[in-house]
Amino acid sequence: MHSIVYVVPALGILALVYTAVRSSWIKRQDAGDKNMKELAEYIANGAMAFLKAEWKVLTYFAIIASILLAWSGTLVETSSPVIAISFIIGAFFSALAGYIGMNIATKANVRTAQAARSSLSKALKISFAGGTVMGLGVAGLAVLGLGGLFIVFFQLYVVSTGASVNGIEMEKALEVLAGFSLGAESIALFARVGGGIYTKAADVGADLVGKVEAGIPEDDVRNPATVADNVGDNVGDVAGMGADLFGSYVATILATMVLGREIVSQDNFGGIGPVLLPMLIAGVGLVFSIVGTFLVRVNKETDSVQKALNMGNWSSIILTVIASYFIVSALLPENMVIRGFSFTSMDVFWAIFVGLIVGALMSIITEYYTAMGRRPVNSIVHQSSTGHATNIIGGLAVGMESTVLPIFVLAGGIIASYSFAGLYGVAIAAAGMMATTAMQLAIDAFGPIADNAGGIAEMSGLPEEVRGRTDNLDAVGNTTAATGKGFAIASAALTALALFAAFVGVAGIDSIDIYKAPVLGALFVGAMIPFIFSSLAIAAVGKAAMDMVQEVRRQFREIPGIMEHKATPEYEKCVEISTQASIREMIAPGAIALLAPLLVGFGLKGVFADTSSAEILGGMLAGITVSGVLMGMFQNNAGGAWDNAKKSFEKGVKIDGKMEYKGSEAHKASVTGDTVGDPFKDTSGPSMNILIKLTSIVALIIAPHISVNDAAHLGESIEEPAAKEIVVQDENLSQK
């Protein structure tokens, strides 16, 4: 019966094999003429230079953190070299996930541009294939890493020794996986923030001087910042997003496994069915994501790219729902109890179904608020006709309004999934939502590839119809990027609640009492953290963008012949500015996420006679979660709406009976809005979901050290003493 766990890493390997096949196919496609290849090489070299600089800094961080984790009693009372090794593996896999995506994106971009010379269908096929490599590479690594570590540190040991699965071996295995998740999320945060600063510093600098001041196209070869801008699409929207969703994927599965450890039930699959379930659902989601990729295609120039992507997405979701029914029926016992809440295996299935529905609804709502031609974006377009200020006001209003429906959906999903299977239901709903991460990420990553393809087409002077096809893909990519971020922040909210519940159990506290002044104070401090985090990230973009603007202006002023195409701009200078700024400025936001739980958990231990530091830390986590979710939704959607409002002018839009195009005053106002929205949607906004989960994971890891019961092992204090003897046999226990 234990052999079922070996299916998990096998499915991860299957996804990686498919990734290798698709990657090989992309590399065999035509990369265009010599000029196109040279431009693509500039972009690839710039992206690799950034990653090397970032990895150098993160290597120092990983070494220091692993030493602290290996030194028993420093961060975790049961610290050991095994947890430190798991942390390093998680960090390495997270960085590798980003590299896989970036590497293929820098090859698919130029091939997409070349394919756009012949047809939209072929351009979509190559750009989406690049996204597929990214999505399946990330999800495959996550499933392989989690499944492999679980086998090594639990399955093989328990089977070989005959130890009880409800004993200390399970707790140790979950501690090891917590280390893996911490490594993944830590690297993801720095990769997302660093990449976001890089890409938006270059983008803002290129837009303000090139498009607004000089009046040249966005990706004009004369603009010194245009190569850095295209590099940024890869290091931020591809490598950063890859590391981001890798960490999210791992954290979601871990949270569900930790809560599954608490379930008291009839013995089924050696008592580890609820622990294995999230990994198996993730593995099956990989298979159906592969199936979904074959359904993404357009046959004619007039076919909708968005509908093609939706077909693949919905197909993978529906197939995953059907498969989950059979997996739950086979893997779980009929009746279970968690913290006094009784439920059945079918209740777990319905919780998974709720999670998938929540994810789908979040994507639909986000698409509505950020897609071209819809009311929210059109309102910004119309307000652009009266100037820059009204454009900004309109975008802010849309962003704030866009939080309403998602929050109702999220709240309804939490309540519904809890009503089915308690806290385990909330966690497994998040796992269900993340099951098709490979497809979600494939849809997300194709956008930056198409954007790069358009840039290469512009810089290479390809015919107008080529840029028209790449712009078609890019416009859809802006919307899918926004929906991907909405999906990520929703999963972060559910995952954070599951991690929060695990933290409460491990820390040995019964509740978070906001009537206690220290807890209420921590709640407000936690709500503030996403704001200061966003401030640091946005300010970093502003500082780097100022340097970029000055450099572009200098080159226009001091290098004669640039505007006449008689001199080549110094692209490497702009690449260097973005690289140095992103590496320098990513440290402070990352430090906040890692240190805040440590300072509260350890710094306030024993300070208040009637309030434990664990309870105070719980209050802070609640504040970070609620504030971070709202900030993430607001910034992601406002930025996406501003961006597509600008693109509406580039296609041509009618305002009060008059057609407005690129270069008009209304268009210039929309460029300003897009410039403001860039750090919102690509730097601070998407970082919110990592901030939420990373603080919760750090809190979970230190929970045994600050536990009111002085628990020594993960999960030791989360069950009532008598509960360990319960065997659920009475059918009435399934009634709530």
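Are Lys-646 and Asp-674 buried or exposed? Both residues are buried, and their side chains meet in a salt bridge with an N to O distance of 2.9 Å. The model described here is predicted. The protein chain has 736 residues, of which 65% count as buried, and it contains 19 helices and five strands.

**Overall form**

- For a chain of 736 residues, a compact globule would have a radius of gyration near 27 Å; the protein chain has 25 Å, which agrees with that expectation.
- The C-alpha trace spans about 80 × 55 × 50 Å along its principal axes.

**Salt bridges**

- Side chains of opposite charge can pair when their charged atoms come close.
- The count for this model comes to 21 salt bridges.
- In the salt bridge between Lys-646 and Asp-674, the N to O distance is 2.9 Å. Lys-646 belongs to helix α18 (residues 613–651) and Asp-674 to helix α19 (residues 665–706), so this pair ties together parts of the chain that are 28 residues apart in sequence.
- Lys-646 and Asp-674 are also members of one network, joined by salt bridges that share partners; the network consists of Lys-200, Asp-203, Asp-474, Asp-643, Lys-646, Lys-647, Asp-674, Asp-678, Lys-681 and Asp-682.
- Asp-471 forms a salt bridge with Arg-467, and the closest N and O atoms are 2.9 Å apart. The two residues are four residues apart in helix α14 (residues 464–507), so about one helical turn separates them.
- The two ends of the Asp-471 and Arg-467 pair can be described by their accessibility: Asp-471 is partly exposed, with a relative accessible area of 27%, whereas Arg-467 counts as buried at 12% relative accessibility.
- Arg-554 forms a salt bridge with Glu-570, with the closest N and O atoms 3.1 Å apart. This pair links distant parts of the chain, 16 residues apart: Arg-554 is in helix α15, and Glu-570 is in the loop between α15 and α16.
- Arg-554 counts as partly exposed at 22% relative accessibility, and Glu-570 is partly exposed with a relative accessible area of 26%.

**Aromatic residues and the nonpolar patch**

- A search of the whole structure finds 18 aromatic pairs.
- One aromatic cluster is formed by Tyr-325, Phe-326, Phe-349, Trp-350 and Phe-353.
- A nonpolar surface patch of about 920 Å² is made by Trp-314, Ile-318, Ile-322, Tyr-325, Phe-326, Trp-350, Phe-353, Ile-357, Leu-361 and Ile-364. The elements that give two or more residues to this patch are α8 (305–331) and α9 (345–370).
- Tyr-325, a member of the cluster and of the patch, is found in helix α8. Tyr-325 is partly exposed, with a relative accessible area of 35%. Patch residues need over 30% relative accessible area, so the 35% of Tyr-325 is over that cut-off.
- Elsewhere, Arg-22 lies over the face of Trp-25, at 4.9 Å from the ring centre.

**Residues with positive phi**

- Most residues other than glycine have a negative phi.
- Arg-339 is not a glycine, yet it has a positive phi of about 50°. Arg-339 lies in the loop between β2 (335–338) and β3 (341–344), and this residue is partly exposed, with a relative accessible area of 39%.
- His-565 is not a glycine either, and it has a positive phi of about 65°. The place of His-565 is in the loop between α15 (517–558) and α16 (571–585). His-565 is exposed, with a relative accessible area of 54%.

**A contact between separate parts of the sequence**

- Gln-635 lies in helix α18 and counts as buried at 1% relative accessibility.
- Gln-635 and Thr-683 are 48 residues apart in sequence, and their C-alpha atoms are 9.4 Å apart in space.

Conventions. Residues are numbered from 1 along each chain as its sequence is written. This is a predicted model: local features need pLDDT of at least 70, side-chain atom pairs count only at pLDDT 80 or more; totals for chains, interfaces and linings use all residues. Side-chain values use heavy atoms; hydrogens and water are left out. Rings of Phe, Tyr and Trp (its six-membered ring) pair if their centres lie within 6.5 Å; planes under 30 degrees apart count as stacked, over 60 as edge-to-face and the rest as tilted. A charge sits over a ring if NZ of Lys or CZ of Arg is within 6 Å of the ring centre and within 35 degrees of the ring normal. Patches are made of residues with over 30% relative accessible area and no salt bridge: like charges are joined within 9 Å, nonpolar side chains (Val, Leu, Ile, Met, Phe, Trp, Tyr) within 5 Å. Accessible areas come from the Shrake-Rupley method with a 1.4 Å probe; for residues, only the protein chains shown count as cover. A salt bridge is a side-chain nitrogen of Lys or Arg within 4 Å of a carboxyl oxygen of Asp or Glu. Buried means under 20% relative accessible area, exposed over 50%, partly exposed in between (1.4 Å probe, protein chains only). The radius of gyration is taken over C-alpha atoms; the globule rule is 2.2 Å times the number of residues to the power 0.38.
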